Amino acid sequence: MLKAKIILVAMSVTLATPQVLAGATPEEDRKEAVEYFKQMFPDVPLTEFVNGQYALNEDRRSQWQSLQDFPPYEFAVADGQEMFETPFANGKTYASCFENDGIGIRQNYPRFDENKKEVITLELAINQCREVNGEKPLKYKKGDIASISAYMASTSKGKQFDIKVPDNPEALAAYEDGKEFYYSRRGQLNFSCAGCHVQNPGKWIRADLLSPALGQPSNFPVHRSKWGELGTLHRRFAGCNANVRAEPLAAQSEEYRNLEYFLTYMSNGLSVVGPSTRP
Amino acid sequence: MASSIRVRAVESGGVTSLKALVRHPMDSGFVKDSAGNIVPAHFIQVLTISHNGKQVFIADWGPAVSKDPFLECRFEGAKKGDKLTISWIDNKGESDSTEATIA
Amino acid sequence: MMNKPLLTIGLSLSLWVPLCAQAGVKEDFQKIYSEAESAHKDAGNFQWTTTTARLKTAESAAESGDYEKAKAMAAEALQLANESVAQRKKQAEAWKNIAIGG
């Protein structure tokens with residue numbers, strides 16, 4: 001904790017001058033965050049941050065690697081592919097709603113829709129596709145939505161996240177909103193996301209090892225052993241909020257989408273590794 | 001229908017390492033669904049691996065094993081190119097079986 | 001007889017007083033509960049799960065007629081709700097202190 005504070009103070013001293021003129025841009029935030037985590041974990045290659053706790057603990061990493069021959073989400077991804085390729089009642093498929101037929105596009109989400117003036121996540125886009133084609137929307141935390149999203153993510157494995165925050169007030173506001181959420185303390189236990197994942201990654205919280213914020217969204221949808229199945233990023237947001245006794249918000253609510261927008265932007269340049277497994 | 005068993009077996013230095021993922025709900029019979037009704041017990045009871053007609057591995061599973069079990073084991077006495085048979089039978093009398101060649 | 005009206009008044013009084021006391025607790029509960037509910041709403045995205053749980057406990061105690069418990073639970077809910085509102089207000093500025101990028 002103290003080391004983190006020292007690093008933060010040192011960072012703000014060295015970077016204070018250029019930022020006096022204007023508020024930090026998303027790109028400046030991201031660069032500062034990368035520097036911060038590099039200093040905190042000098043032995044971890046930047047590309048490894050997407051593996052969260054497995055980049056920080058050898059024992060856990062070896063257990064995780066032994067699972068990779070037959071990851072537990074394999075069946076769900078196969079189901080997801082089947083659902084993705086099966087036409088709707090009207091004959092169209094998901095391919096018709098996405099660029100490049102929906103293959104290899106995970107790294108571009110979330111994106112800011114300049115017409116609707118809101119953040120569009122991949123799961124939201126999947127349901128929008130369903131509704132436009134006369135199908136009922138799926139629930140957002142688990143089940144079919146997670147399988148389809150996992151399949152789509154698997155077609156992007158290895159591609160680098162390329163989230164854009166266009167230079168307009170609404171997009172910047174959405175990004176800032178997500179950033180504010182990330183750093184605000186909440187719940188009766190009064191924790192912010194940053195309290196664990198920026199100030200204390202690499203430490204144990206009961207039997208869990210805290211992962212750093214950098215690269216966190218990269219491995220979603222994720223198969224958590226705890227869930228025994230795939231779950232989406234918003235499912236995890238809700239769970240984490242409940243853990244600190246904060247009322248979870250609705251999956252795909254504006255706040256969670258803005259949070260995902262901010263978090264994923266921070267991971268620009270890092271690879272899509274979803275779906276993946278975690279404890 | 002696709003097999004419920006995905007398996008990979010590799011031999012090295014006389015020891016064959018086998019990994020398998022088995023698709024099965026492994027319902028314990030103690031869990032209720034959202035309507036409050038018990039989900040009936042449906043789990044693999046025995047899983048066996050045979051080599052040249054001889055059983056090299058027997059697993060007595062049951063309700064304590066969770067969904068889609070992952071299995072890893074090692075045994076001696078087989079060589080590259082040999083065929084293995086992995087089969088299971090569950091409490092409903094359903095079964096599945098697959099063959100794998102040792103790489 | 002002269003005593004009958006007195007008796008009636010006496011009887012009515014003796015029945016009315018405990019009913020009134022009970023009605024007092026019920027009214028107290030309702031007042032505190034509605035304050036707690038509105039503070040809980042005021043917390044916006046900063047609502048606590050513990051507040052929600054206390055409100056539920058208060059509601060079910062009231063439904064089963066135990067207004068003393070309902071009132072006590074509502075009072076706890078109100079305190080939790082107020083704390084969550086204070087958190088929301090404080091965090092509106094405090095988050096900037098720990099944010100990378102300020």
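Below are my entries, grouped by topic.

**Entry 1: chains.** I note at the start that this is a predicted model. I checked who touches whom. Chains B and C do not touch, and I get 21 Å between their nearest C-alpha atoms.

**Entry 2: the main core.** Which residues touch the most other members of the largest nonpolar core? I find Phe37(A), Tyr182(A), Tyr183(A), Val198(A) and Tyr261(A), out of 46 residues in that core. I then looked up the elements that give two or more residues to this core: in chain A they are helices H2 (26-40), H7 (169-183), H8 (193-197), H9 (233-243) and H10 (254-266). H10(A) gives the most, with seven residues.

A reminder to myself: in soluble globular proteins, nonpolar side chains tend to be buried together.

**Entry 3: a helix pair in chain C.** I turned to H2(C), residues 49-63, and H3(C), residues 67-98. Their axes come within 8 Å and cross at roughly 165°. Angles over 145 degrees count as roughly antiparallel, so H2(C) and H3(C) get that label. I logged the crossing of H2(C) and H3(C) as left-handed. From H2(C) the contact takes Thr50(C), Thr51(C), Arg54(C), Leu55(C), Thr57(C), Ala58(C), Ala61(C) and Ala62(C). From H3(C) it takes Tyr67(C), Lys69(C), Ala70(C), Met73(C), Ala74(C), Glu76(C), Ala77(C), Leu80(C) and Ala81(C). By class I have 11 nonpolar, three polar and three charged residues in the contact of H2(C) with H3(C).

**Entry 4: Gly102(A).** Is Gly102(A) buried or exposed? It is buried, at a relative accessible area of 0%. I place Gly102(A) in the loop between helix H4 (74-85) and strand S1 (111-113) of chain A. Beyond its neighbours within four places in sequence, Gly102(A) is in contact with Phe84(A), Met152(A) and Thr155(A). Met152(A) is 50 residues away along the chain, yet I read 7.0 Å between the C-alpha atoms of Gly102(A) and Met152(A).

**Entry 5: cis peptides.** I looked up two cis bonds in chain A. One joins Tyr109(A) and Pro110(A), with omega about 5°. Pro110(A) is in the loop between H4 and S1 of chain A. Another joins Phe220(A) and Pro221(A), with omega about -5°. Pro221(A) sits in the loop between strand S4 (208-209) and strand S5 (222-224) of chain A.

**Entry 6: positive phi.** Arg245(A) has phi near 65° and is found in the loop between H9 and H10 of chain A. I count Arg245(A) as partly exposed, because its relative accessibility is 36%. Over in chain B, Asn52(B) has a phi of about 50°. Asn52(B) lies in the loop between strand S3 (44-51) and strand S4 (54-60) of chain B. At a relative accessible area of 64%, I put Asn52(B) down as exposed.

Methods:
Residues numbered from 1 in each chain as written. Chains lettered and ligands numbered in written order. Predicted model: local features only at pLDDT ≥ 70, side-chain atom pairs only at ≥ 80, totals over all residues. Heavy atoms only, no water. Axes fitted to C-alpha atoms, helices over the stretch in contact; angles between N-to-C directions. Helix = DSSP H or I, 4+ residues; strand = E, 2+ residues; numbered from the N terminus. Parallel < 35°, antiparallel > 145°, perpendicular 65-115°, else oblique. Left-handed = near helix turned anticlockwise from the far one by under 90°. Contact = heavy atoms within 4.5 Å. Nonpolar A, V, L, I, M, F, W, Y, C, P; charged D, E, K, R; others polar. Core = buried A, V, L, I, M, F, W, Y, C linked by side-chain atoms within 4.5 Å. Buried < 20%, exposed > 50% of the residue type's maximum accessible area, 1.4 Å probe, protein only.
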